[in-house]
Amino acid sequence: MALASLARRKAYLLSRNLSNSPADALKYSFSLSNFSRGFASGSEENDVVVIGGGPGGYVAAIKAAQLGLKTTCVEKRGTLGGTCLNVGCIPSKALLHSSHMYHEAKHTFAHHGVKLSSVEVDLPAMMAQKDKAVSNLTRGIEGLFKKNKVNYVKGYGKFISPSEVSVDTLEGGNTVVKGKNIIVATGSDVKSLPGITIDEKRIVSSTGALALTEIPKKLIVIGAGYIGLEMGSVWGRLGSEVTVVEFAPDIVPTMDAEIRKQFQRSLEKQKMKFMLKTKVLGVDTTGNGVKLTVEPAAGGDQTTLEADVVLVSAGRSPFTSGLGLDKIGVETDKVGRILVNDRFATNVAGVYAIGDVIPGPMLAHKAEEDGVACVEFIAGKHGHVDYDKVPGVVYTHPEVASVGKTEEQVKALGLNYRVGKFPFMANSRAKAIDNAEGIVKILADKETDKILGVHIMAPNAGELIHEAVLAINYDASSEDIARVCHAHPTMSEALKEAAMATYDKPIHI
């Protein structure tokens, strides 16, 4: 079945190639806009200009250079990697790991025969380790730019025409960067809430939560999404009393409901408190701490919550203001996302957009795939990103990872399906390391056995999910996974057993 799936995949790609020739792409691009390209002549003109040096932007720039295109990347931060590397994915994972190590040393080492007389947190050292990781990685990207001959301009770029970007450089000057093709990859910013001013001291965004100088006794997190739960986990492990306030009736509403319920119970066992269906009315910072006024989402009596720090984690918004998009006529939707076609082209010829500024999951790895595919189209090749097959991971402990459809989505589509599950309590490796909380859940079509979705709650679920991503990408069946030999003892055997449970019966439960 796997070989047949591969053949279908090749046929699919071939059909895309035949229908999307470079000539067709060029013709389509020019038909999108009434603007004249007006290219300047001379050696200063780029084939590709990328505005933004985050995961989508820097990857697009490197890929463009690798394809032989003269490329310039414009980044206002002064360091590459965007929000993800500087104040997002990377520093948060550093703190998640460090705080988990402390929590393990304090609470579980003794169970493994490792006894310590005392354990304490050295917060400055923890922050220094985080900062070192970020610094090394940002310098590494600059090294990749030099290696691939990508020109790097540090400054704030905005359009002055569809083929020109004016850059206010960090040094205080201004330069104009010209390009035949310009890619907007400016990412996203923290979504604000009415009546709440983020000062990054007592009322913080994820950026401020990554740089606190003291462990707050009480931390309130507004928003029960990926970021809020991860940062709440960091400070909860280090000793904060964490309360999560969420307007919706559930945490992480995009998650499979069965997994979500188990996940919330796990976090509650870690002493994280939840106030769901709760609306934030306002904050008071006049005293030493912060007072948060809340009420039930459906209306009712108001309550006051007190905290040392409040983390606002209510989502992110595309960063598209101030780029001059309106000046050149680029279409956006009501929340500011740039509208593009399946080649990442806007309605203005030669202008493209990728990552968080366009519809789709706001994930760093999705932005990277966008960047590669977009540049391949520009170069006359053929790129493809299927947003239904992009994995998502919550990096708490245990982690929760998923790809494909939830059971609720499958039901809504009216599909006949089967469900296979396997608990890590029955997994040899998980029991051996005394870390057996979690489950694998697989959804497959009842008639064809094609995998529709995979959901994993477990330590290192973010690593385990990629076998499922590959399987879904090639239309594999649950039997395909079940018949693949998995090393023993490993956590990945739980995925094999869940696949066996989907199409037949598991062995070890």
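This is a predicted model: local features need pLDDT of at least 70, side-chain atom pairs count only at pLDDT 80 or more; totals for chains, interfaces and linings use all residues.
How far apart do the end C-alpha atoms of residues 390-499 lie, and how much of the span is helix and how much strand? The end C-alpha atoms are 20 Å apart, and the span is 33% helix and 28% strand. Helices (H or I, at least four residues) and strands (E, at least two) are DSSP runs, numbered from the N terminus. UniProt lists residues 390-499, in an unreviewed entry, as "domain: Pyridine nucleotide-disulphide oxidoreductase dimerisation". UniProt positions are given in the numbering used here, feature names are shortened, and annotations may be inferred rather than shown by experiment.

Residues are numbered from 1 along each chain as its sequence is written, and side-chain values use heavy atoms, with hydrogens and water left out.

Let me turn to Asn-427. This residue is in the loop between β19 (417-423) and α13 (428-432). Is Asn-427 buried or exposed? Asn-427 counts as buried because its relative accessibility is 3%; buried means under 20% relative accessible area, exposed over 50%, and partly exposed in between (1.4 Å probe, protein chains only). Not counting residues up to four places away in sequence, Asn-427 touches Phe-422, Thr-490, Met-491, Glu-493 and Ala-494. Contact here means heavy atoms within 4.5 Å. A polar atom of the Asn-427 side chain also lies 2.9 Å from the backbone nitrogen of Ala-430.

Next come the positions annotated as binding sites. In an unreviewed entry, UniProt places the feature "binding site" at ten positions named in the record, among them Lys-93, Ser-188, Asp-356 and Met-362. These positions are spread over 273 residues of sequence, and in space they reach up to 29.8 Å between C-alpha atoms.

Ser-188 lies in strand β6 (residues 188-190), and with a relative accessibility of 8% Ser-188 counts as buried. Beyond its neighbours within four places in sequence, Ser-188 is in contact with residues including Thr-83, Phe-319, Asp-356 and Met-362. Met-362, for its part, is in the loop between β16 (351-353) and α11 (364-378). Its relative accessibility is 33%, so Met-362 counts as partly exposed. Setting aside residues up to four places away in sequence, Met-362 touches Ser-188, Arg-316, Ser-317, Pro-318 and Asp-356.

UniProt also lists "binding site" (unreviewed entry) for a further set of residues, including Gly-223, Tyr-226, Gly-228 and Glu-246. Tyr-226 is in helix α8 (residues 226-237) and is partly exposed, with a relative accessible area of 26%. Leaving aside neighbours within four places in sequence, Tyr-226 is in contact with Val-252, Thr-254, Gly-392, Val-393 and Val-394. Gly-228 is found in helix α8 too, but at 0% relative accessibility Gly-228 counts as buried.

I now come to the cysteines. A disulfide is a covalent bond between the sulfur atoms of two cysteines. For this model, a disulfide is a pair of cysteine sulfur atoms within 2.5 Å. The structure holds one disulfide, which joins Cys-84 to Cys-89 with an S to S distance of 2.4 Å. Why is this disulfide left-handed? The torsion about the S-S bond of Cys-84 and Cys-89 is about -130 degrees, so the disulfide is left-handed. Cys-84 counts as buried, at 15% relative accessibility, whereas Cys-89 counts as partly exposed, at 29%. Cys-374 is in no disulfide, and the nearest cysteine sulfur, that of Cys-73, is 13 Å away. Cys-374 is buried, at 0% relative accessibility, while Cys-485 is exposed, with a relative accessible area of 75%.

Finally, the aromatic rings. Rings of Phe, Tyr and Trp (its six-membered ring) pair if their centres lie within 6.5 Å; planes under 30 degrees apart count as stacked, over 60 as edge-to-face and the rest as tilted. By this rule there is one aromatic pair. The ring centres of Phe-145 and Tyr-152 are 5.9 Å apart and the planes stand at 85 degrees, so the pair is edge-to-face. Both Phe-145 and Tyr-152 are buried.

Terms used:
A polar contact is a pair of N or O atoms within 3.5 Å; within protein, one must be able to donate a hydrogen and the other to accept it, and residues adjacent in sequence count only if both atoms are side-chain atoms.
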